[in-house]
Amino acid sequence: MTTSTTQPVLHDCRDAYAATLIELAQADPRVVVVVNDSVGSSKLGEFKRRFPDRLINVGIAEQDMVGVAAGLANGGKIPFVSAASCFLTARAMEQIKVDAAYSNHNITLCGMSPGMAYGELGPTHHSIEDLAWLRVIPNLTVVVPSDPAETAQAIRWAADHSGPVFVRVSRMGVPDVNPAGYRFAPGRATTLRDGDDVTIVANGTVVAPALDAAHELSHLGITARVLSMPTVKPLDVEAVVAAARETAAIVTVEEALTTGGLGGAVAETVVQHHPVPVRFVGVPDVFAPTGSARWLLEHFHISAAGIVEAARLALGR
Amino acid sequence: MSAAPITTPGTALPVLGRIGAEAGREAVVAHIREGARLIRRRDIAMIHSAGLGHVGGEFSVIDILATLYLHVLEISAGRLDDPERDRLILSKGHAAGALYATLAAAGLLDPAALDTFMRPLSKLNGHPDRTKVPGVEANTGPLGHGLPVAVGTALAGKLDGSRRRTFVVLGDGELQEGSNWEALMTAAHHRLEHLTAVVDRNRLQQGARVAETNDLDPLADKARAFGWHVVEVDGHDHGALLDTFTRPPVPGTPTFVIAHTVKGHPISFMSDEVAWHHKVPNTDEVAAALAELETP
Ligand SMILES: Cc1ncc(C[n+]2csc(CCOP(=O)(O)OP(=O)(O)O)c2C)c(N)n1
């Protein structure tokens, strides 16, 4: 936990997401949304009220949902698919691979409440495999925004980008972590704090604990660089290689499995360009127990304390 | 969050056990009716305590589950791993609380475990997990998984030359998933007469009416066209459910039961209200619901 006295305001990124979709839809009649009985869970009630014909609810049918989105793109629309990340990615994987990515359609797949957000509902509803699954699909950009500003910008960028994009949209409260005037660009990390001893690479809901960890490490005489890495793919290879060269070790942090996601992407880059010790903070190779999101993150040490510990182990001090 | 069990007074669930046909139809129906009442009382207290759950779809399906577990299914606590047991797969896994309470009423799960529903490290996840709870036959939660698994379970029974029965309970919104229609074809193709699919036809899904979202009707005709024997029943009439589930099968044909239900039944302020899909009742609402579930 932070030691600061004033508690930061926490945001549900779905609010910025839904507001941005309404702005995009107002500006461009081609913008449509496709959902799987997920209007409420995507906070799209207002969108539906304003654009009833442009919100297509296929019902509980994710394969249909992504296939229909591909058809809409083929028909000249700009579809945003909006569904719980666990069902969108697991159930419609082949449609994502073939109809969205291989077909190279301009589709934005918006995974609601990813990671541990549905903690109590159990492993069927934990969406912690999504980054590993999606990162290996060619053509697909994989975005994990960390705050409302980054969420809104990623959605705007995706609407303009010609090609498939996946964006994680979290419901878990996050503070604003990006500096004023921040501009999202795929494949570009942001240095939120500089340091020479160790680099912490994080995205999404865990950027805030990464910053807290850097603060705590400073009390131990360890200066930590914090890189916010909004796109797991494309990765900012230059920033990772610079971190490997300039600091002695790297810690990756993600609200996901440590196998194959952000940690995997960073490690692949580091071993090829400039090997240094890398430690992963996230969920190890298990189906997580039931429990609230907050409880689960503590359970798996996906917290400032867990990141501090990983940094010390990586540095051997 | 405190790990201490929170039990709403007056919602303790006695172990009722399974009643056999020798008791006579009237006694069997009375046993199921009282069981369903007590299961609803426990279930709403569990949801309130967990702060999460799906009360609407649980209350619509409890009469079906109670009829099956308190009488129809040939299973007992001592033989939950017996290959010859009957099986029930709750495909609409979001009604897990109803399943757990029913398993406890039937004597298949320790009622004390119900107090841990959805708490950290609990065996009772928000969706059922067969690796944690004996008596749970399939890990469900994502909709559209139960029917294919039930087809495989029934097919194994057929390969064994067994008459053991497989039931699968589905939501109606759930039938929008294409996997169900693939499995309906497979079941008819393999002439799985000991397989019964029960659709909890409450006409609501998560955010709207099924008919406004992606309509299913004419459901009975569709199931018949897919090669199933179709039966329609009042899903809150315990006697009618009992008769439906105990009728001998149509040779070579799986049975598709459309159980007409009301989401949130029988609570006046929950019935047929889509908001109660996953709204959590507050203390006053729990008290009001319990008052409506006071008399047998
Ligand atoms: C594959 C999948 N997509 C979406 C969901 C989210 N979800 C949970 S319950 C539900 C509505 C289910 O409706 P129905 O099958 O009619 O059940 P009931 O109304 O009886 O509760 C939805 C969409 C899910 N569990 N699984």
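This is a predicted model: local features need pLDDT of at least 70, side-chain atom pairs count only at pLDDT 80 or more; totals for chains, interfaces and linings use all residues.
Which strand of chain B gives the most to the lining of the largest cavity?

1. **The largest cavity.** Strand E1 of chain B, residues 87-90, gives the most to the lining of the largest cavity, contributing three residues. The volume of this cavity is about 50 Å³, and the structure holds four cavities of 30 Å³ or more. The lining includes Tyr69(B), Leu88(B), Ile89(B), Leu90(B) and Leu99(B). Further along chain B, Pro128(B), Gly135(B), Val136(B), Glu137(B), Ala138(B) and Thr140(B) also line the cavity.

2. **The second largest pocket.** This pocket has a volume of about 440 Å³ and is lined by 25 residues. Those that lie nearest its centre are Pro123(A), Thr124(A), Glu129(A), Phe287(A) and Pro142(B). Helix H4 of chain A, residues 85-91, gives the most to the lining, with five residues.

3. **Salt bridges.** Over all chains, the structure holds 28 salt bridges. Side chains of opposite charge can pair when their charged atoms come close. In chain A, a network of salt bridges links Asp12(A), Arg14(A), Asp15(A) and Lys43(A).

4. **Arg225(A) and Asp194(A).** The side chains of these two residues meet in a salt bridge, at 3.1 Å from N to O. Arg225(A) lies in strand E9 of chain A and Asp194(A) in the loop between strand E7 (190-193) and E8, so the pair ties together parts that are 31 residues apart in sequence. Arg225(A) counts as buried because its relative accessibility is 9%, whereas Asp194(A) counts as exposed because its relative accessibility is 57%.

5. **Arg201(B) and Asp172(B).** A salt bridge joins Arg201(B) to Asp172(B), with the closest N and O atoms 3.0 Å apart. Because Arg201(B) lies in strand E3 (residues 195-201) of chain B and Asp172(B) in the loop between strand E2 (166-171) and helix H5 (178-189), the pair ties together parts that are 29 residues apart in sequence. Arg201(B) counts as buried, at 3% relative accessibility. Asp172(B) counts as buried at 2%.

6. **Arg201(B) and Asp217(B).** The side chain of Arg201(B) also meets that of Asp217(B) in a salt bridge, at 3.2 Å from N to O. The pair links distant parts of the chain, 16 residues apart: Arg201(B) in strand E3, and Asp217(B) in the loop between H6 and H7 of chain B. Asp217(B) is partly exposed because its relative accessible area is 36%.

7. **Other surroundings of Asp217(B).** The loop that holds Asp217(B) runs between helix H6 (210-213) and helix H7 (219-225) of chain B. A polar atom of the Asp217(B) side chain lies 3.3 Å from the backbone nitrogen of Leu219(B). Neighbours within four places in sequence left aside, Asp217(B) is in contact with Arg201(B), Arg203(B) and Lys222(B).

8. **Asp147(A).** Asp147(A) is placed in the loop between strand E5 (141-143) and helix H7 (148-160) of chain A. Apart from neighbours within four places in sequence, the contacts of Asp147(A) are Cys13(A), Val174(A), Pro175(A), Asp176(A), Val177(A) and Asn178(A).

9. **Glu292(B).** Helix H9 of chain B, residues 283-292, contains Glu292(B). Glu292(B) counts as partly exposed because its relative accessibility is 35%. The side chain of Glu292(B) makes a polar contact with the side chain of Ser268(B), at 2.5 Å. With neighbours within four places in sequence left aside, Glu292(B) is in contact with Pro266(B), Ile267(B), Ser268(B) and Phe269(B).

10. **Helix H9 of chain A.** Which residues of helix H9 (residues 237-246) of chain A are buried? They are Ala239(A), Val240(A), Val241(A), Ala243(A) and Ala244(A). An α-helix has 3.6 residues a turn, so residues three or four places apart point the same way. The buried residues of H9(A) pack against strand E8 (198-202), strand E9 (224-228), strand E11 (249-257) and helix H10 (262-273) of chain A.

Technical notes: Residues are numbered from 1 along each chain as its sequence is written. Chains are lettered from A and ligands numbered from 1 in the order in which they are written. Side-chain values use heavy atoms; hydrogens and water are left out. Buried means under 20% relative accessible area, exposed over 50%, partly exposed in between (1.4 Å probe, protein chains only). Helices (H or I, at least four residues) and strands (E, at least two) are DSSP runs, numbered from the N terminus. Contact means heavy atoms within 4.5 Å. On a 1 Å grid over the protein atoms alone, a cavity is a set of points where a 1.4 Å probe fits but cannot get out, and a pocket is an open set with protein on both sides within 12 Å along at least five of seven lines; lining residues have an atom within 4 Å of a point. Grid points are joined across faces, edges and corners, and a volume is the space filled by probe spheres set on the points. A polar contact is a pair of N or O atoms within 3.5 Å; within protein, one must be able to donate a hydrogen and the other to accept it, and residues adjacent in sequence count only if both atoms are side-chain atoms. A salt bridge is a side-chain nitrogen of Lys or Arg within 4 Å of a carboxyl oxygen of Asp or Glu.
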